Amino acid sequence: MNKFEPTAEDIKKPEAQENLESLKGVENPEELRKQMMSKAEKETDQFKKECADDLVQIEARAEKDGLVVDGVDKEELQTLNNEVITAKEELFQEIAAEKFLLSESKTSPDFSKSLEAEISAIKSIEELQSYIKNIGSITAADGYVYKEKELAELISGVSDGKLDVRYITRAYGLRDKVYELISTKELDEPIKEQLHEATNEASKENGSENFSEILVGSDIEKVLDQCQSPEARQKAIDLSTILATHIDADPKEISAMVHVLEKVDFNLNSAEEFNSEFLANVLIGVEENVNGISFDSSIDSALKNTLKIFEKQQGVYYHGTNAAAWEDITKSGEIKGENRGFEDDLDEINKIVEGAGFAGNTEFLGWYKINSSDKIFVSGKCDGVNGVNQYAKNSPEWLNVMTNGAFSRRDYDEARKIVSEKISQWQNRSQEILDAGRRNISEAEADTIMQTFEKYWNKYGNADPIVLKITNQEEKVMPVYGLAREVALYLKVNGKNVDYNPEDLLPEENEQFIKENMAPAELRKVIIQFLNYKRSQIDERVSNKSISIKDVVHFALPK
Amino acid sequence: MSEEKYRKAWDRFQDKIAELKKRKHEVLTRISEKLDKQHMEKLREKLQNHE
C-alpha cells in the first residue's frame, strides 16, 4: 500500500510557541514587528517548500507504482500555498495598521459603533430616510459633512435608479445599507412551483412518486424529534440519508428503513461514526427486515441478504447540490450544463482579485472553474461531515467559500459582513504590500464584487440543499459475479492464493464458490470491504454527458 | 498596547499556519488513500483478467 509519510511534522503548535517565546525578550515594538515579519516570511517559505517537497515525494512514489495523483488534490496543495501567503499578508497588514488605528481612536469609537449598528438594523429605504432626518447629518471619513437634505436626495436618487450607489458615502456602513435595501428581492415563487412539478415528474420516471420527499416526511420527522441536540439531529439526518439512498422506492423498504432508524439512539455517542462496519450492519438490518430472514442463521440467508445489498449498490453514486441547481437541471434535462450562468461574473471577480495581486483568489472563489466545467463531482459514499450532505449544504461551493461558510448556514447578514470585510481589506492594504507591487482594489471593483455577491445570494439564498442519487453508472453484472469477485479479493487480501475468475463460471458455480469459502460472519466482512471501496470513491469527476436525467433521483433534506 | 496587539496578530498567524499544516496533512492523507484505491483496483483487474 502507498502509505504517505509527510516530510514535515503535522501540526506545528510547539514550534509556534517556541517562536513566541523567542520574541518575548523583544521590548521595542518596532523591533518586535520587524522580527515577526522576518519570522513570518521564513515560516511561509518553509511551508511552501514542504508542500513542494511532499508533492515531489508523492509523485515519485505514484510513478514508481504506475499510479496517478489526482489533479484536484494537487491543486488543493497549491491553494494551501496561496493561503499561507495570504495569512502572511494579513499579519503584515494587522501589525502595520497600528498607526492608523491609534489615530482613529481620537475620534469617538462608541459613537461610530452605535451609529453603524443603528444603520445596520434598518429594514427599508423609508425607515432609512426617516432615520437620516432624525440624526440631521453624517460626517464622512474625509471630514465632509453630509446634511440631511443632501443625503435624502442622494438616497432617493439611488433608490429610483437615477444615481449610482457610489454617490452614497461609505461612512457608518451607509452605502452598504442602501445597496442592500435596493437589491434584496424575494425569490421568484413560480420557480419553486416549477421545481416541484419537475421533481414529481422525475420521481414518476423512476417509479418512485414522493420517494424524494421521504427524508422530510412525517416518519423521519418522528425519528428526528427524538434527538436532544443539534449534533444528534445531524447524525440522524446523515444516517437517514445514507439509508434512503441505499434502498429502493418500495413501501416495504421504506418501512424497514424507518424501523431500523427507530432503533438507533442518536443521543448516544456510540453511533456517531458511520464507518463501513456500522453501515454494513445497518444495511443488513434493513434487508433482514425486508426479506424476513436472519443474516446469521445460515450461509444461504447471509448470501441472499448480501446479494440484495450488492444489487442495490451497483453503479450508484451520490452528488450534493441545491434546489436552484436542480431547477436548472430539470429545465435543461441535463444533470449539469456546461455553463451554469455564473462563469462570466466570477471570471470578472477573479480578474479583479488577481489584478490586485491577491494570492488567494481560489480561497475567495473556491473551485468555480472546475465546478463549471462539464464534469460533476460525485461521491461513492453518503455520510456526514465531508459527505454529500455537507456538499449539498455548501452548494454552490464558491459562494460558501466567498462567505467563509456563512452560506451553508444561509446566514445572509454574516455572509454580507464577511464579503464586506474582505473587500475593505483589499481596499486598505498596508504600505509594505503596496510597496511590494500590489495595489488596492478600486471603489468600482469593490462594488462589482458586492453586486455579484448580492445577485447570487438572491438566487441561492433560499435554495434548499438536496442530495442526488445517480444510478446506472457502471455496466451491470449479475450480483453473484460481483460478490464472487469481492470474495476472491477478500481471500487474496487475507493471504489465500486464489486462482479464480468468476466470469468463467456459471452463476450457480459462483454461488457454490462463495458458500464453500465463506461463513456468514465473513460475508459481513466482505460487505464492509465492498462499502469501504464504495466509500473510497470520493470526489470522482464524472462527465455530465454520461449521466441521463432518468438515472437521477433527488432527495430533499430536512432542516 | 502595541506589543499586545502585535502578539495577538502573531498568535492568529500561528493558528492559521497550524490549520494549514493540518489541512495539508489531510490532503496528503487523501492522496495516499486514493493511491491505495488505485492499487486495489489494479489487484481487482488482475483477478478479473485471470493473471
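This is a predicted model: local features need pLDDT of at least 70, side-chain atom pairs count only at pLDDT 80 or more; totals for chains, interfaces and linings use all residues.
Residues are numbered from 1 along each chain as its sequence is written, with chains lettered from A and ligands numbered from 1 in the order in which they are written.

Chain A contains 26 helices and seven strands. These elements are DSSP runs numbered from the N terminus (helices H or I, at least four residues; strands E, at least two). Of the 559 residues in chain A, 49% are buried. Buried denotes under 20% relative accessible area, exposed over 50%, and partly exposed in between (1.4 Å probe, protein chains only). Among contacts in chain A with a separation of 6 or more, 75% join residues 24 or more positions apart. A contact requires heavy atoms within 4.5 Å.

Two packed helices are described by the angle between their axes and the distance between the axes. Here axes are lines fitted to C-alpha atoms, for helices over the stretch in contact, and angles between N-to-C directions run from 0 to 180 degrees. Angles under 35 degrees count as roughly parallel, over 145 as roughly antiparallel, 65 to 115 as roughly perpendicular and the rest as oblique. A crossing is right-handed if the near helix is turned clockwise from the far one by less than a right angle, and left-handed if anticlockwise.

Helix α14 of chain A spans residues 299-313. Its 15 residues should span 21 Å at 1.5 Å a residue, and the end C-alpha atoms are 21 Å apart, which agrees. The expected span is 1.5 Å times one less than the number of residues. Buried positions of α14(A) include A:L303, A:N305, A:I309 and A:K312. A:G315 follows α14(A) and has a positive phi, near 65°.

Helix α13 (residues 276-291) of chain A packs on α14(A) at about 110°, with the axes 9 Å apart. The two helices are therefore roughly perpendicular. On the α13(A) side, the contact uses A:L283, A:I284, A:E287, A:E288 and A:N291; α14(A) supplies A:N305, A:K308, A:I309 and A:K312. This contact comprises three nonpolar, two polar and four charged residues. Nonpolar covers Ala, Val, Leu, Ile, Met, Phe, Trp, Tyr, Cys and Pro; charged covers Asp, Glu, Lys and Arg; the others, Gly among them, are polar. The crossing of α13(A) and α14(A) is right-handed.

Helix α25 (residues 507-517) of chain A also meets α14(A), with axes within 10 Å and a crossing of roughly 120°. α14(A) and α25(A) are thus oblique. Their crossing is right-handed. A:I299, A:D300 and A:L303 of α14(A) contact A:E511, A:I514 and A:K515 of α25(A). The residues divide into three nonpolar, no polar and three charged.

Helices α11 (residues 230-246) and α12 (residues 251-263) of chain A cross at roughly 155°, their axes within 10 Å. That angle makes α11(A) roughly antiparallel to α12(A). A:L239, A:S240, A:L243 and A:A244 of α11(A) contact A:M257, A:V260 and A:L261 of α12(A). Six of these residues are nonpolar, one is polar and none is charged.

A:D73 lies in helix α3 (residues 71-96) of chain A. A:D73 is buried, with a relative accessible area of 1%. Beyond neighbours within four places in sequence, A:D73 contacts B:V27, B:R30, B:I31 and B:K34.

Definitions and conventions
Side-chain values use heavy atoms; hydrogens and water are left out.
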